[in-house]
Amino acid sequence: MSDDPTHVREFFGARAAGWDSRFPDDGPAYAAAVSELGLRPGDAVLDAGCGTGRALPPLRAAVGPSGTVLGADLTPEMLAEAVRAGRQGRDGGTLLLADVGALPVGDSALDAVFGAGLVSHLADPVADLRELARVVRPGGRLALFHPIGRAALAARHGRRITPDDLRAEPNLRPVLAESGWRLVRYVDEDTRYLALAVREA
């Protein structure tokens with residue numbers, strides 16, 4: 001279930017203006033997921049596929065003013081909404097117009113990556129997750145998150161979960177391993193989806 005970047009940009013670009021108003025109650029779920037990353041003051045973290053930047057304020061709160069928060073997205077309209085919502089700078093992060101498959105970030109520069117609703121939109125999951133591993137130090141963490149679980153999300157879209165769903169644990173674990181990550185926690189409930197992984201040395 002991967003997506004071509006052009007399709008992703010067109011899909012989200014057309015929906016950016018009303019995106020936050022469609023999901024007004026997701027804030028606490030984002031904050032709870034960010035807390036699972038175990039960030040400390042001064043850490044450096046990336047929100048990969050940040051969209052309108054809903055995770056940026058809790059990420060900033062976790063790393064404090066001395067930390068680094070980056071938000072990368074390939075859809076300009078989504079980043080414009082993040083700016084409009086005040087989620088850049090000291091209250092949020094530095095916004096980057098970038099594909100997560102080719103990040104303008106140095107090797108091992110980050111302590112963690114947060115990705116909300118990211119996995120199903122990756123053009124090449126192994127290569128893209130490997131790129132995320134490249135920018136994270138050994139022992140750093142990755143959180144793949146969605147504010148509702150796979151079954152609830154499929155029902156919302158009038159679909160059923162298929163066996164090839166990359167977000168399913170049996171499918172995700174080997175893809176993460178091939179990309180340099182070790183899955184350490186997996187939660188798929190109606191109220192949230194969270195896969196936590198650690199960057200292997």
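Predicted model: local features only at pLDDT ≥ 70, side-chain atom pairs only at ≥ 80, totals over all residues.

Biologist: What's the radius of gyration, and what would a compact globule have?
Modeller: The protein has 15 Å, while a compact globule with 201 residues would be near 17 Å, so the two agree. Along the principal axes, the C-alpha atoms fill a box of roughly 45 × 40 × 30 Å. As for burial, 51% of the 201 residues count as buried.

Biologist: OK, the inside. Which residues have the most contacts in the largest nonpolar core?
Modeller: Leu46, Leu110, Leu132, Leu142, Leu176 and Trp181, in a core of 32 residues. Several elements each supply at least two residues of this core, including strand E1 (44-48), helix H8 (169-178) and strand E6 (181-189). Helix H6 gives the largest share, four residues.

Biologist: Which residues does leucine 142 contact, leaving aside its neighbours within four places in sequence?
Modeller: Among them are Leu37, Val113, Leu129, Leu132, Leu176 and Trp181. Ala195, Leu196 and Ala197 are in contact with leucine 142 too. Apart from that core lies another one of 19 residues, with Ala55, Ala116, Ala143 and Leu194 among them.

Biologist: Switching to H3. Which of its residues are buried?
Modeller: Tyr30, Ala33 and Val34, in a helix that runs over residues 27-35. They sit on the same side of H3, because they cover an arc of only 100° around the axis.

Biologist: What's on the face turned away from that side?
Modeller: The exposed residues Pro28 and Ser35.

Biologist: Last one, arginine 54. Where does it lie, and is it buried or exposed?
Modeller: Arginine 54 is in the loop between E1 and H4. It counts as buried because its relative accessible area is 16%, and the cut-off is under 20%.

Biologist: Which side chains make polar contacts with the side chain of arginine 54?
Modeller: One is aspartate 26, at 3.1 Å. Another is tyrosine 30, at 3.0 Å, and Tyr30 is one of the buried residues of H3. Arginine 54 also touches other residues, including Trp19, Asp20, Phe23 and Arg87.

Conventions
Residues numbered from 1 in each chain as written. Heavy atoms only, no water. Buried < 20%, exposed > 50% of the residue type's maximum accessible area, 1.4 Å probe, protein only. Arc of directions from axis to C-beta. Core = buried A, V, L, I, M, F, W, Y, C linked by side-chain atoms within 4.5 Å. Contact = heavy atoms within 4.5 Å. Rg over C-alpha atoms; globule rule 2.2 N^0.38 Å. Polar contact = N/O pair within 3.5 Å; in protein donor to acceptor, adjacent residues only side chain to side chain.
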